[in-house]
Amino acid sequence: MKNCLKVLRAENDWSQQDLANRLGVSRQSVNAIETGKYDPSLPLAFKIADIFAMTIEDIFERGQEEGE
Amino acid sequence: MTNENAPTSGGHSPWFWAGLMLASYAIISALIVTKAIEQTPYLIFLILVPLGLTFPLMKAANRRVDDGSCLGKGEAQKRYIKRVAVSTSAYLAAFALMTFATASGDPPIALRAFLAILPGLAIIGIFWAIGRLIVEEQDEFMRMLIVRQSLVATGFALSAASIWGFLEAADVVPHLDAYWVAVAWFAGLGLGAIMNRVQYGTWGAV
């Protein structure tokens, strides 16, 4: 699943650790989500969306294998 | 990239204390094997030394978690480190006692059975610690890595046990005691960590 987390983080001038602290997860988690290696659960995705005051769909987009 | 051997802020690295603890056990084992010490009270007193080293080891490991130089952070990780340190120390102490009891004569079967069960119980303590880590870990990504690592370890250990068992039945390989399955499982954890690193870019938390 693609996402624009890296861009959003840069806009806020946050490091991966800063975002991890806000989400209550490890820096490794943020890195794995950001690089598309790990898809977050729905609760975590909502948490990410809330932090950036956006919707989940604004941050995450379907990967090719999940599309129709 | 962090240097894992570097001292944590305000003290020695956990590896320093772990090395010291293992060296203490090695010296005690050597004293037992060479029969330099044959009296149980002295042995019990000596075993207190490496057991006491568990506490600075746990403190150093917790400092590392707090520094963020260890994978993951938080209470679940700290509790896991503490539980594994206690179980490992209990295992080493139980193993030393069993070795000493066997080497110092032919104890009654009840005592032998009791001493033989102790190291096994300590190993169960490590399995329990990993189970609790899976339950208590709040970071879903890290939890997934631990589960994945445990599954790889289980698959590896059961596969190795199956193959070895049939080879043994065919008289191709020598007999191995059943506790080697647990050893294979711990080796499988290492394999799982490598697979985590390859697929997700991080080793995991176990």
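Modeller: Contact here means heavy atoms within 4.5 Å, and, leaving out residues up to four places away in sequence, Phe156(B) touches Ala184(B), Ala187(B), Gly188(B) and Leu191(B). Before going further, please keep in mind that this is a predicted model, in which local features need pLDDT of at least 70 and side-chain atom pairs count only at pLDDT 80 or more, whereas totals for chains, interfaces and linings use all residues. Residues are numbered from 1 along each chain as its sequence is written, chains are lettered from A and ligands numbered from 1 in the order in which they are written, and side-chain values use heavy atoms, with hydrogens and water left out.

Phe156(B) lies in helix 5 of chain B, where helices (H or I, at least four residues) and strands (E, at least two) are DSSP runs numbered from the N terminus. Although Phe156(B) and Trp185(B) are 29 residues apart along the chain, their C-alpha atoms are separated by 6.8 Å. At 34% relative accessibility, Phe156(B) counts as partly exposed; buried means under 20% relative accessible area and exposed over 50%, with partly exposed in between (1.4 Å probe, protein chains only).

Chain B as a whole comes to six helices and zero strands, and buried residues make up 37% of its 206 residues. Of the contacts in chain B with a separation of 6 or more, 71% are accounted for by residues 24 or more positions apart.

The packing can next be followed through the nonpolar cores, a core being a set of buried Ala, Val, Leu, Ile, Met, Phe, Trp, Tyr and Cys residues joined through side-chain atoms within 4.5 Å. The largest nonpolar core has 38 residues, and those with the most contacts inside it are Ile48(A), Phe52(A) and Ile59(A). Helix 5 (residues 140–169) of chain B gives the most to this core, namely six residues. Domain 1 (1–129) and domain 2 (139–206) of chain B both give residues to the core, so it lies between them; these bounds come from an automatic or database domain assignment. A second, separate core has 14 residues, including Trp17(B), Leu57(B), Ala60(B) and Leu92(B). As for Phe52(A), with its neighbours within four places in sequence left aside, this residue is in contact with Leu5(A), Leu8(A), Arg9(A), Asn12(A), Trp14(A), Leu19(A) and Ile59(A).

Arg9(A) also has a charged partner. A salt bridge is a side-chain nitrogen of Lys or Arg within 4 Å of a carboxyl oxygen of Asp or Glu, and the structure holds five of them over all chains. Arg9(A) forms one with Glu34(A), the closest N and O atoms being 2.7 Å apart. Because Arg9(A) lies in helix 1 (residues 5–11) of chain A and Glu34(A) in helix 3 (residues 27–34) of chain A, the pair ties together parts that are 25 residues apart in sequence. Arg9(A) counts as buried at 11% relative accessibility, and Glu34(A) counts as buried at 13%.

In chain B, helix 3 (residues 75–103) has 29 residues and reaches 42 Å from its first C-alpha to its last, close to the 42 Å expected at 1.5 Å a residue, that expected span being 1.5 Å times one less than the number of residues. Within this helix, Glu75(B) and Lys78(B) lie three residues apart, about one turn, and they form a salt bridge whose closest N and O atoms are 3.7 Å apart. Glu136(B) forms another with Arg79(B), at 2.8 Å between the closest N and O atoms. Glu136(B) lies in helix 4 (residues 109–136) of chain B and Arg79(B) in helix 3 of chain B, so this pair ties together parts that are 57 residues apart in sequence. Salt bridges that share partners join Arg79(B), Arg83(B), Arg132(B) and Glu136(B) into one network.

Finally, between the chains, twelve residues of chain A are in contact with twelve residues of chain B. The area buried there is about 970 Å², of which carbon and sulfur atoms give 53%; buried area is the accessible area (1.4 Å probe) that two parts lose on being put together, summed over both. In chain A, Gln28(A), Lys37(A) and Tyr38(A) lose the most area to chain B, together 53% of what that side buries. Across this interface the rule finds zero salt bridges.
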